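I opened the notebook to look at two ligand sites. Below are my entries, in the order in which I looked things up.

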Amino acid sequence: MEKRIPDDACQYFNEAMETMTRAEIEALQLERLQATVKHCMQSPFYKKRFEEIGLKPEDIKTLADLRKIPFTTKQDLRDTYPFGIASTPLRNCVRLHSSSGTTGNPTVILHTQKDLDEWANQVARNLWMVGLRPDDVFQNSSGYGMFTGGLGFQYGAERLGMLTVPAGAGNSLRQIKFITDFGTTAIHAIPSYVTRLYEVMKENGVDPRKDTKLKVLAIGAEPHSEEQRKRIEDMMGVKAYNSFGMSEMCGPGVGFECKEQNGLHFWEDYYIVEIVDPETLEPVPDGEIGELVLTTLSREAMPLLRYRTRDLTRVLGRSCPCGRNHVRLDRMRGRSDDMIVLRGVNIFPIQIEKILMQFPELASNYLITLTTDEDNDNMTVEVELEELFTDDYSRLLDLESRIRRALKDEILLTPHIKLVPKGSLPVSEGKAVRVVDKRKVYQ
Ligand code: COA
Ligand code: AMP
Ligand code: ZN
């Protein structure tokens with residue numbers, strides 16, 4: 001396990017792993033895949049699944065044999081909630097992260113100490129790759145607690161040896177004070193929050209180019225376009241690198257751009273990357289957009305085999321002027337399910353529907369609209385009233401506020417609520433259109 005911090009002049013955090021040839025990557029992947037599959041037989045879920053189709057760990061003889069293994073889905077995580085997929089006894093696990101929501105079973109991801117160590121190494125590798133060194137000051141504006149962007153970046157930045165400021169989400173004035181007082185040189189933030197920070201800086205006479213020591217931004221956890229990245233770089237006067245992560249794989253650290261900014265390097269010593277057609281589930285050729293499927297290669301507590309991420313992307317290449325041959329993937333191009341990623345928070349429309357349906361005052365038609373207003377991404381939930389009582393203002397306000405609170409408990413962020421008369425929302429033919437995304441984040 002890499003714990004030694006390289007010399008500042010070295011451009012790699014773990015040179016041996018980062019500069020492997022393709023043949024070396026594939027040989028290591030096969031070795032790790034075989035060990036992972038064997039380990040998965042400790043998981044009641046995988047043991048049963050393998051037995052059902054008569055597959056044995058010894059049947060995985062080549063990387064191509066991966067395709068004999070069935071996919072794992074978010075539904076599998078829900079069905080086995082909370083600990084049914086674990087491959088390690090709970091007494092060996094030291095942490096869990098869980099998704100939001102209580103209306104359906106949330107998902108739970110377990111970690112052993114070794115998992116946490118490897119995760120920190122992954123994040124440190126990424127931050128080193130874009131030029132950060134122990135002299136840097138790293139400020140993290142992710143939510144802490146269950147959001148993996150909090151502790152994930154915290155431990156990774158500490159592993160690299162940086163002074164790390166666990167600022168957490170929001171409180172922009174305080175964030176800006178930290179940036180100027182502590183000499184912050186790098187920030188991790190969701191792209192929409194960088195824009196918010198910039199606006200608050202402007203309002204308070206802080207010029208990021210003159211009044212801060214910022215040199216690097218790590219932006220991710222939500223979809224964004226190349227135009228949005230360029231705008232952020234122009235505003236802040238520093239490079240912004242795309243960071244991809246997901247809780248099921250550990251959190252941030254799964255894929256990150258190098259200084260070439262030519263796609264996200266996904267770390268193939270930790271994951272096997274497949275891109276499949278979301279309909280046929282057959283592999284698509286390099287360059288074609290499909291669904292990202294990931295197999296973990298180093299996880300102890302909860303390895304996942306062929307996990308369908310539902311994120312859409314494509315392979316851009318398998319070599320790079322930076323000397324790393326780990327596959328380069330395009331920025332995320334959409335989802336093959338209806339999950340919304342807003343402000344770095346994942347939300348399924350069904351969560352919203354289930355909460356709305358608990359209110360007898362509401363009819364069943366509703367519409368979720370996502371917008372970027374000035375510097376903030378917002379959600380508005382319009383919902384029809386079962387019975388018109390628009391003249392009773394205080395009753396309306398009370399209902400709105402109860403709905404807002406119930407939704408915030410479920411989805412963790414606060415939507416705007418608009419109560420409208422029955423019959424006033426569009427009725428679509430066929431499958432109801434429940435979400436209108438005006439943010440244009442996938443471009
Ligand atoms: N990261 C940092 N700050 C965020 C944020 C995010 N993802 N989402 C919202 N904020 C900021 C808002 O800009 C606002 O800042 P301000 O103090 O300058 O006004 C503040 O948080 C509160 O936002 P508000 O809209 O009033 O609150 P909310 O009820 O909608 O809840 C959060 C917002 C911050 C509590 C919630 O969205 C959250 O915890 N987000 C963190 C998600 C995250 O870290 N994801 C990364 C996972 S890897
Ligand atoms: P979570 O499990 O909460 O970390 O959320 C993971 C999801 O966030 C992914 O499956 C993506 O849909 C989204 N996501 C994370 N990073 C990025 C990124 N850099 N670009 C686009 N979407 C992202
Ligand atoms: Zn590169």
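**Shell of ligand 2**

I sorted the residues of the shell around ligand 2 by type: six are nonpolar, seven polar and four charged. I keep in mind that this is a predicted model.

Next I asked which residues come closest to ligand 2. Of the 17 residues that surround ligand 2, the closest are Asn242, Ser243, Ser247, Asp311 and Asn346. I then checked which element gives the most to this shell. Strand S7 (residues 239–246) does, with five residues.

I went through the polar contacts. The side chain of Asp311 places a polar atom 2.5 Å from an oxygen atom of ligand 2. In the side chain of Asn242, an N or O atom is 2.8 Å from a nitrogen atom of the ligand. For Asn346, I noted 3.0 Å between a side-chain N or O atom and an oxygen atom of ligand 2. I also looked up the cover: on its own, ligand 2 has 500 Å² of accessible area, and the protein covers 90% of that.

**Zinc site**

I listed the protein donors of the zinc ion (ligand 3): Cys258 (SG), His265 (NE2), Cys320 (SG) and Cys322 (SG), at 2.2 to 2.3 Å. What is the geometry of the site? It is tetrahedral, with angles of 102 to 116° among the four donor atoms. For reference, the ideal angle for four tetrahedral donors is 109.5 degrees.

Along the chain, the donors of the zinc ion are spaced C-x6-H-x54-C-x1-C. Cys258 sits in the loop between strands S8 (251–257) and S9 (264–266), and Cys320 in the loop between S13 (315–317) and S14 (328–329), so the pair ties together parts 62 residues apart in sequence. I found both Cys258 and Cys320 buried.

Technical notes. Residues are numbered from 1 along each chain as its sequence is written. Chains are lettered from A and ligands numbered from 1 in the order in which they are written. This is a predicted model: local features need pLDDT of at least 70, side-chain atom pairs count only at pLDDT 80 or more; totals for chains, interfaces and linings use all residues. Side-chain values use heavy atoms; hydrogens and water are left out. A residue is near a molecule or strand if one of its heavy atoms lies within 4 Å of it. A polar contact is a pair of N or O atoms within 3.5 Å; within protein, one must be able to donate a hydrogen and the other to accept it, and residues adjacent in sequence count only if both atoms are side-chain atoms. Accessible areas come from the Shrake-Rupley method with a 1.4 Å probe; for residues, only the protein chains shown count as cover. Helices (H or I, at least four residues) and strands (E, at least two) are DSSP runs, numbered from the N terminus. Ala, Val, Leu, Ile, Met, Phe, Trp, Tyr, Cys and Pro count as nonpolar, Asp, Glu, Lys and Arg as charged, and the others, Gly among them, as polar. Donors are N, O and S atoms within 2.8 Å of the metal (3.2 Å for Na, K and Ca); water is not among the atoms, so sites may look incomplete. Four donors count as tetrahedral if all angles lie between 85 and 135 degrees; four count as square planar and six as octahedral if opposite donors are over 155 degrees apart and all others between 65 and 115; anything else is irregular. Buried means under 20% relative accessible area, exposed over 50%, partly exposed in between (1.4 Å probe, protein chains only).
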